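Morning, everyone. Please have the sequence and the structure open.

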Amino acid sequence: MTRTSLRTPALAALAAAALLAAGCADMSERQKGTATGAGIGAVAGAVLSSATGGKAGTGAVVGGAVGAVAGNLWSKRMEEKRAAMEKATQGTGIGVERTAQNELKVNVPSDFSFDVGRAAIKPQMRPVLDQFAQGLDATARVRVVGHTDSTGSDAINNPLSLDRAQAVRDYLAGRGVAASRVETEGHGSREPVADNGSDAGRAQNRRVEIFLREPAPQG
């Protein structure tokens with residue numbers, strides 16, 4: 001089989017993927033995942049089908065269907081939770097986003113999370129955690145990562161960051177989220193998001209990140 005015969009269906013599928021991507025501007029996060037997955041699957045399906053002597057068009061359709069399922073790991077429930085968290089935290093400086101790994105990430109800086117050297121949850125953070133806990137699917141998994149600024153040594157910061165993550169876990173448990181579903185990690189001051197040379201930068205680094213994910217479908 002010639003290189004040209006392989007290239008033609010692949011180019012056609014790539015063109016279709018480009019059209020799908022171009023149409024993503026007005027799509028929801030879930031629809032974007034489906035469209036992107038379909039485009040990638042179509043390319044793979046077309047190349048595979050052509051290479052094995054099948055019909056490239058059929059391969060692209062099958063690949064597109066498979067890709068759509070793979071790309072749609074961001075479920076309706078996750079999109080609804082993202083929208084609810086975004087609405088609840090609007091104008092607060094709390095970040096709500098979908099990660100490349102199809103997790104919902106909520107970043108809570110020190111204005112709402114913790115005072116310097118403390119692991120006690122501030123009252124301002126409680127409504128955020130209440131909204132996060134509300135309506136979680138029983139299969140959803142939560143990961144909480146605590147961070148500190150660079151004030152103090154690793155001997156202080158590492159356990160402090162873990163204490164902060166565990167404080168969030170304990171609060172969520174009090175709101176009906178089983179502690180066994182919540183992983184906790186403490187990263188100390190190793191992952192700053194701002195300059196530790198200023199009060200404002202240290203405040204951004206003194207934070208907690210909460211990740212929500214759904215288990216991958218079992219095949």
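What covers the buried residues of α6? The cover includes α5 (126–133), plus the strands β3 (141–146), β4 (182–186) and β5 (208–213). Keep in mind that this is a predicted model.

Now the helix itself. α6 runs over residues 154–174, so count 21 residues in this DSSP run. From first C-alpha to last, α6 reaches 30 Å. That is close to the 30 Å expected at 1.5 Å a residue.

Which residues of α6 are buried? Here is the list: Asn 157, Leu 160, Ser 161, Arg 164, Ala 165, Ala 167, Val 168, Tyr 171 and Leu 172. Look down the axis of α6. The buried residues fall within an arc of 145 degrees, so they line one face of the helix. Why does such spacing work? An α-helix has 3.6 residues a turn, so residues three or four places apart point the same way. Now turn to the other side of α6: Ala 155 and Gly 174 are exposed there. Just after α6 comes Gly 176, with a positive phi of about 95 degrees.

Next, α5. Its buried residues are Val 128, Leu 129, Phe 132 and Ala 133. Seen down the axis of α5, they fall within an arc of 130 degrees, so they too line one face of their helix. What covers them? The cover includes α4 (76–88), β2 (104–108), β3, α6 and β5. After α5 comes Gly 135, whose phi is positive, near 70 degrees.

Key: Residues numbered from 1 in each chain as written. Predicted model: local features only at pLDDT ≥ 70, side-chain atom pairs only at ≥ 80, totals over all residues. Heavy atoms only, no water. Helix = DSSP H or I, 4+ residues; strand = E, 2+ residues; numbered from the N terminus. Expected span 1.5 Å × (residues − 1). Buried < 20%, exposed > 50% of the residue type's maximum accessible area, 1.4 Å probe, protein only. Arc of directions from axis to C-beta. Contact = heavy atoms within 4.5 Å.
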